[in-house]
Amino acid sequence: MPPPKDVVKIAIQMVGAIPQLIELQQTKPLASVLKDVCDAWSLPNAERYALQYADGRQTYITESNRRDIKNGSILRLTTSPDQEAERLYVGIQSKNVDVKTDSLKKLASLSQDVTFAQEFISRNGLKQIYSIVEEGNDTGEMLAHTLKAFTELMEHDFVSWENLSTVFIKKIVSYVNMNAVDASIQQLSLSILENMVPTSRLLFELVKKEVTLDRLLTHLQVTNAELQLKAMALLIALLLSATDTERRDMMDYLREKNLRQFIHKNIIHSSEPLGDEMAHYLYVLQSVSLNLCEHRMKTSMDPYSQEQRDLLQSLRQTAFELESEVPAGSFSTERRRSLCAKEFRKLGFMNNSNPAEDLRRAPPGLLALDNMVYFSRNTPNAYSRFVLENSSREDKHECPFARSSIQLTLILCEILHIGEPCSETAQAFYPMFFGQDHFFEELFCICIQLVNKTWKEMRATQEDFDKVMQVVREQITRTLSLKPTSLELFKTRVNALNYSEILKLRQTERLHQEETLAVPVLELREKLKPELLELIRQQRLLHLCEGTLFRKISSRRRQDKLWYCRLSPNHKVLHYGDVEEGVQSPPIESQPEKIPVADMKMLLVGKECPHTKEKSSGKQNKDVLELAFSIVHDMEEYCLNFIAPTRYEFCLWTDGLNVLLGKEMTSERTQTDLDVLLSMELKLRLLDLENISIPDNPPPVPKPPSNLNFCYDFSHAEQ
């Protein structure tokens, strides 16, 4: 018979004593439980003791978290948090260097626990930490433990970052700016500054002033991957906290210092694999850089701006240079206007008498004009060829350069998500972005020539404009999905994906769709579904058994503690626990926390999850909502909260958990996988029916024969 819900069987250890096996009554006050444990070992003053987990993070047991204790947990009797906090508070003030160092080391370890942290901070312990940093000149082990303890204590949000003194901050900055400092101290200092920057404008300005971009670039160029990562994290924090003007200035400076080339050569193409954190930072850097185009994209052309009108006129003059060389006095004003209007019509403006009207639409606004000017100035031969080639065609077959450029700019803005806020978890960046200066403009130059090429292949007329641009969008998105490593490779692949190839792909997809819509095929699909769904269920459970590395996301920053969760091979228990950075697949024995599958009650996703309700709402958290899910267990009182690293992992885990709960798999990935498997199975089954049309209705059954004399009579069989 299973034990009652309010009783858990646990073991309690103490150094130098025989462990106790007890049944913990969850309704019994913790103070009474401690007294019973201490009495069994004849220990006086039970109030000076506390229980904590023997494995993992060794969290103290309190009334608020005692319900997390599972059957079979191993606890340890230890000094109570208030006693330990008092002891370490005194220890870190010791004149004995060894005692002080050991106390700081212990403090750094215990500060991860919220109960201990609260006790230590309540004794004004942070003031002592400040003093050690501000007054000390040590840059060795003692300082590393001090900074680690400070980071862990601040992680609990009991104290605001704005309370830090300027002296303390400048001391932290000095460790970043020093050359002869241990790498671990610089990593911790960079991490502290990174946490500090988003909390207030004053702290941002102070850090930006004290830690120069040159210094961050120096840290980025080291071989220590962890130090490189922390430097990149601070750089990204500064960029995200800056105003639009400051961000533009910072990006211009980084461009001058060849940050892009360094990232492309030494980070993306490094011999070491790119970690999730660095991939995210590169995505943010790409997004921030592309979003510098947002202002121009959302700004309509001002017909009264001389600068913008000059840019517009430069397009005409570059294309029709020889004709423009005729002296202005040779024509009357009216004749000159007529000539300009004719030339703007040849350029492909819809409103040739006032081409500025074509650029009033925002987006793409002035960004389209910038792209056209860049194309005309940087590839004048290709520009002239495009315009003059279409000027000589019949009117109905000419490809309008300006109209195409405006629409293409809008398409590229949509594909590259220009103007959208950075995701908190995304890692999808384009390697070729870091391989090219003026990436957006250069991409436009390739794609506008693609428009002309596709226009000719389609033998398009003005009425086909939208169709052509739709094909071009498909060519670009299909090629970008292949993640080309350079613009040259992108150019090669996108040009190889010509209109006839697009037609073949569409025809293949359409034929496949038509084949699968025949009535007998639909019936076969339904028969195959249960078997293939079972295959998907097994794959989901297998994925859960392999486990996944999850990341806890705090309110201030993306990176935080890592933890691992996996399903036991017998599919009866979920094992989970914290892991160190760099550990990819920890053994199941190293995960002390457990949730029996039988205790799981339901699965929550998105806004229903308790940990998403705690986070502030806003665009920045949209991606977190899409990746969040929670397991409710133990009479719907407790939740295990997840933030999946990717949408793919989210789908596999929610499907797997639904299978364990005996429910249907509901993710979009299930339907995708089912369609792929059904498609493969149907093709194999229908292989013998190649080029044979399948009728919608079965053929009629023939009439029975007039007699059955052809049947063998077994009654006359020889005995």
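Predicted model: local features only at pLDDT ≥ 70, side-chain atom pairs only at ≥ 80, totals over all residues.
The residues of α24 that are buried are L487, F490 and V494. Viewed down the axis of α24, these buried residues fall within an arc of 50°, so they line one face of the helix. An α-helix has 3.6 residues a turn, so residues three or four places apart point the same way. On the other side of α24, the residues E488, T492 and A496 are exposed.

F490 belongs to helix α24, which spans residues 487-496. Its relative accessibility is 0%, and because buried means under 20%, F490 counts as buried. When neighbours within four places in sequence are left aside, F490 is in contact with M432, L443, I446, C447, I476, T479, L480 and P484. The C-alpha atom of F490 is separated by 35 Å from that of R540, a residue 50 places away along the chain.

The side chain of R260 reaches the backbone oxygen of F434 at 2.8 Å. Apart from neighbours within four places in sequence, the residues in contact with R260 are F433, F434, G435, Q436 and D437.

The model also contains an open sheet formed by four strands in the order β5-β6-β7-β8, with antiparallel pairing. At the edges of this sheet lie β5 (548-551) and β8 (593-596), each of which pairs on one side only. Direction ignored, neighbouring strands of the sheet are turned by 25° against each other on average. Helix α26 (residues 519-546) packs on the sheet and touches β5 and β6; the direction of α26 makes about 135° with that of β6. As a general principle, strands of a sheet pair through backbone hydrogen bonds, either parallel or antiparallel.

Strand β6 (residues 562-567) pairs with β5 in the antiparallel sense over four bridges. Within this pairing, T548 stands opposite C565 of β6, and R551 has L562 as its bridge partner in β6. Strand β6 is also joined by six bridges to β7 (residues 573-579), and these two strands run antiparallel. In this second pairing, L567 stands opposite L574 of β7. Strands β6 and β7 form a hairpin with five residues between them, and H571 in the turn has a positive phi of about 65°.

Strand β6 is mostly covered, with six of its six residues buried. The cover extends to both faces of β6: L562, Y564 and R566 are buried on one side, and W563, C565 and L567 are buried on the other.

At the level of the whole protein, the domain assignment divides the protein into domain 1 (7-79), domain 2 (84-269), domain 3 (298-321 + 335-509) and domain 4 (530-671). The centres of domain 1 and domain 2, taken over C-alpha atoms, are separated by 36 Å. Between these domains, five residues of domain 1 are in contact with six residues of domain 2.

Key:
Residues numbered from 1 in each chain as written. Heavy atoms only, no water. Polar contact = N/O pair within 3.5 Å; in protein donor to acceptor, adjacent residues only side chain to side chain. Contact = heavy atoms within 4.5 Å. Buried < 20%, exposed > 50% of the residue type's maximum accessible area, 1.4 Å probe, protein only. Pairing = 2+ DSSP bridges. Axes fitted to C-alpha atoms, helices over the stretch in contact; angles between N-to-C directions. Arc of directions from axis to C-beta. Domains from an automatic or database assignment.
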